[in-house]
Amino acid sequence: RRGLQTLGRVTLITIVTTGGVFYYITQRERNPGPQLPHDPSKKNVVVVGSGWGSTAFLKNLDTSEYNVTVISPRNFFLFTPLLPSVAVGTIAPNSILQPIRYLTRHKDRKITVIEAEAKSVDPIAKTITFADETEVQGEVSSTTIPFDYLIYAVGAETQTFGIPGVKEHACFMKEIQDAEKFKRRFMDCIESAGFPGQREEEIERLLHMVVVGGGPTGIEVSGELHDFLEDDLKFWYPELAQKIKITLIEALPSVLPMFSRELIDYTVSTFKESKIDILTGTMVKEVKEKTVVLQMPDKTIKEVPVGMVVWAGGNKARGVSIDLMSRLVDAQKNKRGITVDDHLRMAGTDGTIFAVGDCTSTQYAPTAQVASQQGAYIARMFKQLAKRDALLEQIMTVQKEGGSTESLEKQLTKVENLRPFHYSHQGSLAYIGSEKAIADLEFFHHKFSSGGVATFLFWRSAYMSTLFSLRNRVLVSTDWLKVKLFGRDLVRD
Ligand code: FAD
Ligand code: NAI
């Protein structure tokens, strides 16, 4: 009995202590303290964007040396790896978003956050022009400000190759609005297929879901769609669910070219079991309201009826990046993105503009891993730049007074020796549906591939640990639990 009493007491103390620590952390997060004001003697850093690259920079930056302004059309960070889960209602949209102020309000010095879209950057005058393009605008909705340093991280937009009808008729999978639109349209197709008197061919058309692009986005969307069908729709729409057809179309001879052959084969066989059709070597030539036009591997043209098309055709540079590159035409010849040097300084500038993430064109794949490592690298480099700038000022003062600058210059040489960016690849992970994931990992220079249910648990734990905040972790794990208990939401909102 005494043993039971002790166990009960230990359990109670553990629960109370854990609850207390959890409460303390959440309250500290919710109630940020006062911040230092902007200091006119410090350099002004403008950060463009609030995605992976920008937030990694902001998280790691020591603000005691800089005045920082963030400009982004969305006032939050989006955790893209779980976006396909939002599209089918496994996760609620807000669970993978984090307001950017939750980060900036915790820095030592105040950071100004402006919800606006960068319209142009003048790399010579060192100014940026931006505009508020939201529904509600004040008397002033466009302005230009100067910068000493610019961290340019606007990401990329979806590549459509100018294929007719894509923008008008397809759904993308890049922003939170895309996932919400996907869910609405998908449920609309099902409800319309159930409308009384619908012809059989029309039902088949409405229930044919086409995913274009066999990169990781297309694969994850197809896998999630299949889960929704198997776990939920089969029970709530028994007559219609069996008629839902998912087709993945890829122009190249294989899907997932960035993964090992073994994992590509594993994905293809899992999709076969899941009854997801993969058409490789097939190119989408046009998207119409009710059909897609395909060029088959034998070059014949086929028009296929569809209810919904999801377009995951890769990345292309945003208009504002193309405009910026065109101002430095001699150094910026690569149309795919901004060319940077080993220190991520934009080629053709005097080293005051840094570009990171999907807006750049480098040897690295456009991934969150790369963008966040680049952002963190620049923040570390800014510590050294602050020292360099302070030394330069000291040297100028001493020179004016006619003193010797020898020792200061020696220090300057050391500080100016900046280490180049080095990317450390942590591996590639993707969810392929049916509670299976694939992973190409690297441990101590040894490559290791795995696929299946255990990898799915690893996938979940890896993303759980990389989510932005404790709040996101709590919300996402609650969503996963809710789906296990009650299934996915069928509401078309
Ligand atoms: P983003 O994160 O896209 O951020 C760009 C920011 O710039 C945004 O805040 C945007 O609002 C802002 N912006 C846009 N235009 C302007 C403008 N004119 N002015 C100012 N700001 C602007 N990568 C992985 O490593 N692992 C994954 O599992 C993974 N899964 C993914 C799943 C999906 C569905 C998608 C679409 C991508 C995924 N990626 C993944 C890729 C990853 O999301 C990108 O590589 C990453 O977002 C790039 O970071 P970034 O900072 O360059 O751009
Ligand atoms: P992607 O560039 O990887 O793949 C797009 C695919 O669409 C290409 O294979 C291309 O051949 C195909 N395509 C383009 N036009 C076509 C057409 N007309 N007809 C048929 N096929 C066509 O793009 P994705 O998947 O959006 O990924 C973008 C970046 O984000 C990649 O670098 C990727 O690594 C990263 N990402 C990583 C994820 C992960 O690690 N789990 C998940 C999602 C994205």
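## Ligand 1 and its surroundings

Thr 80 places a polar side-chain atom 2.5 Å from an oxygen atom of ligand 1. This is a predicted model: local features need pLDDT of at least 70, side-chain atom pairs count only at pLDDT 80 or more, and totals for chains, interfaces and linings use all residues. Residues are numbered from 1 along each chain as its sequence is written, chains are lettered from A and ligands numbered from 1 in the order in which they are written, and side-chain values use heavy atoms, with hydrogens and water left out.

| Residue and atom | Atom of ligand 1 | Distance |
|---|---|---|
| Thr 80, polar side-chain atom | oxygen | 2.5 Å |
| Arg 318, polar side-chain atom | nitrogen | 3.5 Å |
| Gln 369, polar backbone atom | oxygen | 3.3 Å |

Taken alone, ligand 1 exposes 990 Å², and the protein buries 90% of that. Such areas come from the Shrake-Rupley method with a 1.4 Å probe. Helices (H or I, at least four residues) and strands (E, at least two) are DSSP runs, numbered from the N terminus.

### Sheet and hairpin

Strands E14, E15 and E16 form an open antiparallel sheet, in that order. E14 (283-287) and E16 (301-305) are the edges: each has a single partner strand, so one side of each lacks a neighbour in the sheet. Neighbouring strands are turned by 30 degrees against each other on average, direction ignored; the axes are lines fitted to C-alpha atoms. Four bridges join E14 to E15 (residues 291-295). Strands pair if DSSP finds at least two bridges between them. Met 283 stands opposite Gln 295 in E15.

E21 (residues 436-443) and E22 (residues 446-452) pair antiparallel over seven bridges. Phe 443 has His 446 in E22 as its bridge partner. Two residues lie between the strands of this hairpin, and Phe 444 takes a positive phi near 45 degrees.

### Cysteines

The disulfide count is zero, a disulfide being a pair of cysteine sulfur atoms within 2.5 Å. For Cys 189, the nearest cysteine sulfur is that of Cys 171, 8.8 Å away. Cys 189 has 6% relative accessibility and so counts as buried (under 20% relative accessible area, 1.4 Å probe, protein chains only; exposed is over 50%, partly exposed in between). Cys 359 is buried too, at 1%.

Definitions and conventions
Axes are lines fitted to C-alpha atoms, for helices over the stretch in contact, and angles run from 0 to 180 degrees between N-to-C directions. A polar contact is a pair of N or O atoms within 3.5 Å; within protein, one must be able to donate a hydrogen and the other to accept it, and residues adjacent in sequence count only if both atoms are side-chain atoms.
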